[in-house]
Amino acid sequence: MTTETTEEIPEAAAVPPAGTAPAKKKVPHGHRRLLTRRDRFTLALMAGLPTLLHIALVWVTAFASIALAFTTWDGIGFDSIKWVGLQNFKELFEQNPQFWPAVQHNVIWFVVLIAIPTPLGLFLAVQLDKKIRFSRVYQTAFFLPVVMSMAVIGFVWQLIYNPDTGLINSVIGANEPGKYIDWIGDPDLNLWAILIAASWRHTGYMMILYLAGLKGVDPSLREASSLDGANEWQTFKNVIFPTLRPTNTVVLVVTIIEALRAFDLVFVFNKGAEGTELLSILVTNNIIGESSRIGYGSAIAVVLLLISLVVIIPYLVSTFRKERRA
Amino acid sequence: MPDLSPSGLSFPSPSRRTMLRGMGGAALLGAGIPLLSACGGSGTSADPKTVTLGSKASDAVPKKAFADVYAAYKKKSGITVDVNTKDSNTFQEQINSYLQGTPDDVFTWFAGYRMQFFAAKGLATPIDDVWQKIAGNFPEAMQKLSKGEDGKYYFVPLYTYPWALFYRKSVFKQYGYEVPTTWDDFVALCKQMQKDKLVPIAFGDKDAWPALGTFDQINFRKNGYDFHVDLMAGKASWTDAKVKSVFDLWAEILPYHQEGAVGRTWQDAAQTLVSKKAGMYLLGTFVGQQFTNPADLEDLDFFAFPEIDPAYGQDTVEAPTDGFMMSKSPKNKAEGVKLMEFLGTPEAEEAYLKADPSVVAASTKADTSAYTPLQKKAYDMIAGAKSLTQFMDRDSRPDFTSTVMQPALQKFVRDPKGVDSLLSSIERQKKTIFASS
């Protein structure tokens, strides 16, 4: 979503060269134009190339997958594409035993990320903002998981949760017959197990975002509130938190993105077995591999796209409304 | 670009902008090339002395064994085999785009439906001419496995390995167990092992394919080879009472399987057999790879899955077979054909087996004197089989087995109740998948 908005800029920038073309006809001679021919060429190239790439890699592919969602195609030769109308969606909604659980898990993913690591990240940020000793060390420690690749995180946590040799079961003695706790395979447990790993990473991410936000809070506000006799909690609740509004918006957007694109962690953890199905994993399972079901996979991708749009459109509308007001 | 005027090009000295432009272009090309080459083969032009070969053998042992085969060929014919090895999972996942792009002349692949699928799509070259020379080296079952649906040959088998129930001789001796040959004996043995505080059947289904093997065994013991073929080909119904009976039998022995199977890899499950905590383990002979101590490996033995219906006895063996295919328009076809002819000889197989003793030769002509007792047993088992199956994900459509069967069987293994709704769900999904193309 952030990429969407930044990518809009080159497109907007691509317009001026076209707009200057008529002006060229009106003023054939006389005073020199602001931009030389070379400048305009460079500008056109610099704006045009990203636009072309953007169109080819974002819009064309997006529309192609929407179109493919109404077909069946095994990925071999274009003549094997067959139009099937809404068949894929019908099958998806009515027959696929993994689809509705996947939607549900994506939602749970979002709710958990918002409910646990986000406030925790805010809490850590507030503590670290107090200029305590070794603040930098703590920051680095909490932020480290964010720097690591999700695949690595998945692998590490998978070792911790391994039912036979993993850290947890070994410590609590649950790796013997009869006392087994199957963190990875049991559908009542595995999603939560993975969410702990996801939260572990997300907390650091949120902490950094809030820390950056807190650095921007005017110190005089704190001073004023302490002069008014407010205690720490009151200052935070009534003064600091309201000024963090822009950060909260970013946090919300980032968390939504994280919930929708959740994939790598789970894929490494248990390939999206029962209990941890996610839309992104269903897309991959259907599209990648031999004799792939590209049409069907695209239909799942379209559902994912629609869900993203439902979340993104209200956000964009409210942002544009604010800009217009400003 | 109407702005591309001569004046723009007339500046001799490279300005910062042209530098940038050049760098941008270079970066773009640089980004593009690996993408393209990732789907192609090693892509050198047709050198008459070289045959290119795409290989999925990325594990150390098979990789070395294959290299030995190609070295033997080079020594014999002077032709270099230019091998392009990819991680085996990646190779399988990319096979579609690989074969449509610029594939190597020859590539490693599996026998069965998975081979026939690409043959039917016109992505492989028929090699009947190769088989005129090598047919005598193979038993009939292998010849059948190497043909496409159109009756032409597309595949040269190299090695094969059986699936069976593995156990440790010392454990059986210690407790006085006997190898069960019937279902009732088998269940009784499981009960006894449980009493003896052993895990009767080690099991790990995290990778989702091991359970397919258990289903196959019970299915062709109960319903016979022909039903297995029909079911895999999408002809027989999954709601058939015959299928239901397979799941009933499976549910009967499921309590004797290792707990928490869906979270365990096959390697971890194999370790319980190594450490004598488990009594038996149903897997392919590659389970031997986990027995790193030679003394432990010596102690490993196996027996065929017990008889369920006397009409079928133990006549079917699940023996996945790996070998080679030729891509659709090889750059060096003449030499490619000669290489395939060599790969179909006992000589090539012996070269392979010397470095990888966990499998057996596909040819009946290969020298068996150097076989370990385990290999000899595997060889006899396969040679004595009336019918050979490949494996569920090789005998059926891979998209069906990976997106429908794997999650369905994981669900069953974890919770064997509700088989009826599971089966009707499988049947509904099967119909749509087999209906498309």
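Mentor: One term to begin with: two strands pair if DSSP finds at least two bridges between them. Helices (H or I, at least four residues) and strands (E, at least two) are DSSP runs, numbered from the N terminus. This is a predicted model, where local features need pLDDT of at least 70, side-chain atom pairs count only at pLDDT 80 or more, and totals for chains, interfaces and linings use all residues. Residues are numbered from 1 along each chain as its sequence is written, while chains are lettered from A and ligands numbered from 1 in the order in which they are written.

Trainee: OK, which residue in strand 2 of chain B stands opposite Val51(B)?
Mentor: Val81(B) does. Strand 1 of chain B and strand 2 (residues 80–85) of chain B run parallel, with 6 bridges joining them.

Trainee: And what joins strand 1 of chain B to strand 3 of chain B?
Mentor: 2 bridges, and these strands run parallel. Gly54(B) has Phe107(B) in strand 3 of chain B as its bridge partner.

Trainee: Is strand 1 of chain B mostly covered or open?
Mentor: Mostly covered: 5 of the 6 residues in strand 1 (residues 50–55) of chain B are buried. Buried takes 20 or more other C-beta atoms within 10 Å of a residue's own, exposed 12 or fewer, and partly exposed is in between, with C-beta atoms placed from the backbone.

Trainee: New topic. Why is Tyr177(B) partly exposed?
Mentor: Because Tyr177(B) has 17 other C-beta atoms within 10 Å. Tyr177(B) sits in the loop between helix 8 (169–175) and helix 9 (183–195) of chain B.

Trainee: What does Tyr177(B) touch, leaving out residues up to four places away in sequence?
Mentor: Phe172(B) and Leu189(B). Contact is when C-beta atoms, placed from the backbone, lie within 7 Å.

Trainee: How many residues of chain B are in contact with chain A?
Mentor: 39 residues of chain B, against 35 residues of chain A. Helix 19 of chain B gives the most to that side of chain B, with 8 residues.

Trainee: Last one: how is chain B divided into domains?
Mentor: Into domain 1 (50–160 + 320–382) and domain 2 (163–318 + 397–435), with bounds from an automatic or database domain assignment. Their centres, taken over C-alpha atoms, are separated by 28 Å. In chain B, 10 residues of domain 1 are in contact with 11 residues of domain 2.

How values were computed
Two residues are in contact if their C-beta atoms, placed from the backbone, lie within 7 Å.
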